Amino acid sequence: MKFVVKLLAACGLIALLAFGLLGGAYYYVNVRPVLFEGNPPEVVIKVDKGSTIRSIANSLKQAGADVDPSILTRAFSFYDQDKSVHVGYYRIPNPSTIREIIDKFASGDVIMSKFTLVEGTETAKFLTRIKNSEDLDHADPELDLKTVMSVVHAPEGTHPEGQFATDTFVFAKGSPDTLVLRRAYREQQERIKKAWETRSLNVAVKSPYELLILASIIEKETGQNSDRALVSSVFNNRLKRGMLLQTDPTVIYGIENFNGKITKEHLRTDHPYNTYTRPGLPPTPICNPGLAAIEAAAHPADTDYLYFVAMGKSGQTKFSKTLKEHNAAVQKYLRSQGL
């Protein structure tokens, strides 16, 4: 009988110890706050492609977390969250429990970033901004105008100007820069395709690429929504009549190291983008046009306008049907500017 009592007592002690261990483990994982050295409000942990749970645990320790990486690794496994973690940057509040840290990584709640390509931006400037973005991963440091079209899987020989949609692209911080480039490229191709398929019957352009070129010129000529279709009508009418387009932005695009001030000498100097000396459209777009400019190129207003001039800082544009009217508008504008 005494033996049975002793056995029961021993079993009870073991159970108590086991319960205590389980309770201690529960407290350590689910209740105990994990503090970070220096007491920052939060820390950011990066998870790279191929990162293991052990490497994530070590990253937390290196960031100052008061936690044993081995215990954290085993906790991930216990909660069956050691299979995969999404690549990206994770914001860990200070303090957090081990369970909260595990749940954060398991949720894939990565820090999101955004990149905006503004209407009228040239592709060279777009690539510079992409390469300088600290929110993107740059696996190919040689990315430039010569290589970008192969990166986005464009047909061989595609000129990079105008091929990227102006928009705000949201992505996980640390994503490869090719992600934004390919998104922008695909979106622009879809916009051009849709605009071409729904174009007005009176457009003078003969192909989707010519539509893109014209849209880029419209983008550079006006930022006013109300004027885009009217500007488009002027170029459409001039193309139909075989007139020179005579648009300054194309000339500027063809000038190497342009200093910001266009001169009469610039307008007289012949080059492929000088629409004062060469008929028709320039050989390529001159910027990345936005959706509104693409739509305007596909749907010009029905007018007899052949000329227009910007009316100073107001942003308004004066449209004219004859050269006489245009010259009068130009003189009025110059007088108003004291020129």
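How many nonpolar, polar and charged residues does the lining of the second largest pocket have? Keep that in mind while you open this predicted model.

**Stop 1: the pocket**

Select Glu122, Lys125, Ile252, Tyr253 and Ile286. These lie nearest the centre of the second largest pocket, which is lined by 17 residues. Now colour the lining by class: nine residues are nonpolar, four are polar and four are charged. The space inside comes to about 340 Å³. Next, show helix 5 (123–132) and helix 10 (248–253). These are the elements that give two or more residues to the lining.

**Stop 2: two helices**

Move to helix 3 (residues 69–78) and helix 4 (residues 98–107). They pack at an angle of about 60°, and their axes are 10 Å apart. Helix 3 and helix 4 are therefore oblique to each other. Their crossing is right-handed. Show side chains at the contact: Leu72, Ala75 and Phe76 come from helix 3, while Ile98, Ile102 and Phe105 come from helix 4. What classes do the residues of this contact divide into? Six are nonpolar, and there are no polar and no charged ones.

**Stop 3: a cis bond**

Step back to the loop between strand 2 (88–93) and helix 4, and select Pro95 there. The peptide bond from Asn94 to Pro95 is cis, with omega near 5°. Most peptide bonds are trans.

**Stop 4: a positive phi**

Finish at His153, in the loop between helix 6 (148–151) and strand 5 (168–172). His153 is not a glycine, yet its phi is positive, at about 65°. Most residues other than glycine have a negative phi.

How values were computed. Residues numbered from 1 in each chain as written. Predicted model: local features only at pLDDT ≥ 70, side-chain atom pairs only at ≥ 80, totals over all residues. Heavy atoms only, no water. Axes fitted to C-alpha atoms, helices over the stretch in contact; angles between N-to-C directions. Helix = DSSP H or I, 4+ residues; strand = E, 2+ residues; numbered from the N terminus. Parallel < 35°, antiparallel > 145°, perpendicular 65-115°, else oblique. Left-handed = near helix turned anticlockwise from the far one by under 90°. Contact = heavy atoms within 4.5 Å. Nonpolar A, V, L, I, M, F, W, Y, C, P; charged D, E, K, R; others polar. 1 Å grid on protein atoms, 1.4 Å probe; cavity = no way out; pocket = protein on both sides within 12 Å on 5 of 7 lines; lining within 4 Å. Points joined across faces, edges and corners; volume = space filled by probe spheres on them.
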